[in-house]
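Let's take a look at this model, starting with its aromatic rings and then moving on to a pair of helices.

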Amino acid sequence: MEGLPQHPAPRTVEEVFSDFRGRRAGLIKALTTDVQKFYQQCDPDKENLCLYGLPTEAWEVNLPVEEVPPELPEPALGINFARDGMAEKDWLSLVAVHSDSWLLAVAFYFGARFGFGKNDRKKLFQMINDLPTIFEVVTGSGRQPTNESALHHNSSKSKSSGKPSRQPEINPSKGVKMSPPAKEDEESGEEEEEDDEQGATCGACGDNYGADEFWICCDVCERWFHGKCVKITPAKAEHIKQYKCPSCSSKRARV
């Protein structure tokens, strides 16, 4: 392909990056300011065509090189065939993506050819990565995917930070039958019922109601008892459908 072999091969990281930047500028020009000229040159009736970026910041549409293997990696082949089969915007975006891939292939071909070590390859990639891709320039997307990723990360982080705030509504150590569920759920007369509970005394020992202790109510006589006084634990109370205090149970047994 005319133009590519005419330039001396870059041998340092800075020279490879300069070559990359020149080719990139030419490709961007073809897909933006010179887009009409580029579009016309990509005639679907012609043979397989490629878009080349040159180190001189120029571009050209040409047939692929005949050398096998080629002196440099080749860009996408046959870009002209897809021109009329899709929207112009989508076609240009597709060519841009392939152009980005080609630029990286050429840059790291030079790196491999001239023995770039790990640090040189990393340095070259960082220099390249500081530039927007051709696809980002052509589509106007810029670095938005990175920002969206950061926003998504922050959103996920804020959501996850809310999870630890969810605490159990019932403390098992205080029992689940400290007061009848029906009374807690009723809106009417709730305050009166709470007053009744606060004034209750244990039917076994006579001590006053304490919110920090497990209490259970007899479903027959409706008196309240310390769980410890009637030997009922919170876990056991969970499996009792209708509780009868010892007094009520003995009365039923005598009958």
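## Aromatic pairs

The count comes to 6 aromatic pairs, taking rings of Phe, Tyr and Trp (its six-membered ring) as paired if their centres lie within 6.5 Å. One of these is F17 with F20, a stacked pair at 6.4 Å centre to centre and 15° between the planes; stacked here means planes under 30 degrees apart. F17 and F20 sit 3 residues apart in helix α1, so about one helical turn separates them. Both F17 and F20 are buried (under 20% relative accessible area, 1.4 Å probe, protein chains only).

Elsewhere, ring pairs tie F38, Y39, W59 and W91 into a cluster.

## How α1 meets α4

Helix α1 covers residues 13-31 and helix α4 residues 118-129, helices being DSSP runs of H or I with at least four residues. They pack at an angle of about 30°, with axes 10 Å apart; the axes are lines fitted to C-alpha atoms over the stretch in contact, and angles run from 0 to 180 degrees between N-to-C directions. That makes α1 and α4 roughly parallel (angles under 35 degrees).

On the α1 side, the contact (heavy atoms within 4.5 Å) uses V13, E14, V16, F17 and F20, while α4 brings D120, K123, L124, M127 and I128.

## About the model

This is a predicted model: local features need pLDDT of at least 70, side-chain atom pairs count only at pLDDT 80 or more, and totals for chains, interfaces and linings use all residues. Residues are numbered from 1 along each chain as its sequence is written, and side-chain values use heavy atoms, leaving out hydrogens and water.

Notes. Helices (H or I, at least four residues) and strands (E, at least two) are DSSP runs, numbered from the N terminus. Angles under 35 degrees count as roughly parallel, over 145 as roughly antiparallel, 65 to 115 as roughly perpendicular and the rest as oblique. Rings of Phe, Tyr and Trp (its six-membered ring) pair if their centres lie within 6.5 Å; planes under 30 degrees apart count as stacked, over 60 as edge-to-face and the rest as tilted. Buried means under 20% relative accessible area, exposed over 50%, partly exposed in between (1.4 Å probe, protein chains only).
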